[in-house]
Amino acid sequence: MFDPPARVTIPAVVAVVFLLFAACDQAPGASDTSPEPPVVADFAYSPDAVNPDTLTPGRVTDSTLTVDLRLVTAVTDADSEIERVVFTIEASSAPGSALDGTLPLLPGETDLYGSAIDLTLPRADAVYTVRVFAVDTDSLTSNVGLGQVRVLPGTS
């Protein structure tokens with residue numbers, strides 16, 4: 001016996017076509033165009049501890065000491081330019097009150113940023129957290145390089 005073909009309605013065809021397109025999240029060969037953030041790597045700093053007894057007399061007073069803090073980090077970005085590389089230095093005893101600034105690109109380098117900073121600190125047993133991160137021209141922020149500098153009380 002012969003069965004006549006089922007009747008297909010236009011809404012059913014539209015629904016099937018919609019489901020086929022909804023299942024595809026990309027066109028064949030298309031790549032993800034989401035911008036990528038910069039990457040901070042190989043963050044290095046010195047010193048990691050400061051003893052007032054080992055500093056030259058001109059860098060130590062009764063209440064403060066001046067440290068030559070050196071910061072260097074590599075920063076790369078696969079799809080954008082680096083806008084700035086930022087450092088912050090924050091005392092663990094006073095969170096929220098941080099010193100901050102930017103690190104310049106080192107002369108003759110393509111991805112190394114760094115600087116020597118004359119940092120005047122209270123002469124007290126304390127720990128300071130050092131952070132470095134980058135921001136690119138897409139306003140994306142990198143991962144954070146972390147370190148700590150300890151100021152020792154000294155004996156004199």
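Select E90 first: at 17% relative accessibility it counts as buried (under 20% relative accessible area is buried, over 50% exposed, partly exposed in between; 1.4 Å probe, protein chains only). R131 sits in strand β7 and E90 in strand β4 (residues 82-91), 41 residues apart. R131 is partly exposed, at 29%.

A word on the source: this is a predicted model, where local features need pLDDT of at least 70, side-chain atom pairs count only at pLDDT 80 or more, and totals for chains, interfaces and linings use all residues. Residues are numbered from 1 along each chain as its sequence is written, and side-chain values use heavy atoms, leaving out hydrogens and water.

Stay on R131 and look across to L146 in β8, which stands opposite. Strands β7 (residues 126-136) and β8 (residues 145-151) pair antiparallel over seven bridges. Strands here are DSSP E runs of at least two residues, numbered from the N terminus, and two strands pair if DSSP finds at least two bridges between them. Zoom out to the open, mixed sheet, ordered β2-β8-β7-β4-β5.

Next, select R150 and D125, whose side chains meet in a salt bridge (2.8 Å, N to O). R150 belongs to strand β8, D125 to the loop between β6 and β7.

Finish with R59 and D118, another salt bridge, at 2.8 Å between the closest N and O atoms.

Terms used:
Helices (H or I, at least four residues) and strands (E, at least two) are DSSP runs, numbered from the N terminus. A salt bridge is a side-chain nitrogen of Lys or Arg within 4 Å of a carboxyl oxygen of Asp or Glu.
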